[in-house]
Amino acid sequence: MNIKEKFAFMKTGKMYNDLDPDIAAFREKTVFKTNEYNQSFGLSSVVRQKILEELLGSSGKNVHFEPTLRCEFGVNIHIGDDFYANFDCVLLDAGGITIGNNVLFGPRVGLYTANHAFDAEERRNGGCFAKPIKVGNNVWIGAGVHIMPGVTIGDNTIIGSGSIVTSNIPSNVIATGSPCKVLREITEEDKTEYLNTLI
């Protein structure tokens, strides 16, 4: 299998060999590319966007990571428009990560699609499996949140700081905790009239 076929296989959720030389080489290449992006802080947005386009599977307009960004492969990450991640974002993307439009990440947010084999011998020999993560539109992920394999987060949702998200979270809610649970719906009462006071 070539590397594209290996990535496609990883996205099936079946066990794959994380120690495969092609996979290891691609991961190393991604480290250099993320380092290039992190060191570009302060350069023009055009330069930084070009690096992201080379690193990620796809990236919309106005996509920004504060340093440092870390990802496993990059090519399995797809981000919409108007995305901002604060410091120390980690994206383990073997299973595929899709992020919608108008999404905010607080500092030290991690999305982890990959998991190691449960059997010790399989784990020692590189056994891994992965499940996709999807984040909807208009989502705010608080600081220190960890999102685990296979999770989908609905549109217009807020995930409270420090949460560990192990199952799907619906749209239009505030959710928090470990494991993360829905706290309440977001309603019209949450509007503060802030937009009427902008100067």
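Leaving aside its neighbours within four places in sequence, which residues is Phe65 in contact with? They are Tyr37, Arg48, Leu52, Ile79, Phe83, Ala85, Cys89 and Leu91. Contact means heavy atoms within 4.5 Å.

This is a predicted model, where local features need pLDDT of at least 70, side-chain atom pairs count only at pLDDT 80 or more, and totals for chains, interfaces and linings use all residues. Residues are numbered from 1 along each chain as its sequence is written, and side-chain values use heavy atoms, with hydrogens and water left out.

Phe65, Leu91 and Phe105 have the most contacts inside the largest nonpolar core, which has 35 residues. A nonpolar core is a set of buried Ala, Val, Leu, Ile, Met, Phe, Trp, Tyr and Cys residues joined through side-chain atoms within 4.5 Å; buried means under 20% relative accessible area (1.4 Å probe, protein chains only). Helix H3 gives the most to this core, with 3 residues. A second, separate core of 10 residues includes Tyr16 and Cys128.

H2 and H3 pack at about 165°, with axes 9 Å apart. They are therefore roughly antiparallel (angles over 145 degrees, on a scale from 0 to 180 between N-to-C directions). Thr30 and Tyr37 of H2 are among the contact residues, as are Arg48 and Leu52 of H3.

An open sheet of 7 strands runs E3-E6-E9-E14-E17-E19-E20, with mixed pairing. Strands pair if DSSP finds at least two bridges between them. Helices (H or I, at least four residues) and strands (E, at least two) are DSSP runs. E9 and E14 run parallel, joined by 2 bridges. Phe105 stands opposite Ile141 in E14.

| Element | Residues |
|---|---|
| Edge strand E3 | 63-65 |
| Edge strand E20 | 181-185 |

Technical notes
Buried < 20%, exposed > 50% of the residue type's maximum accessible area, 1.4 Å probe, protein only. Parallel < 35°, antiparallel > 145°, perpendicular 65-115°, else oblique.
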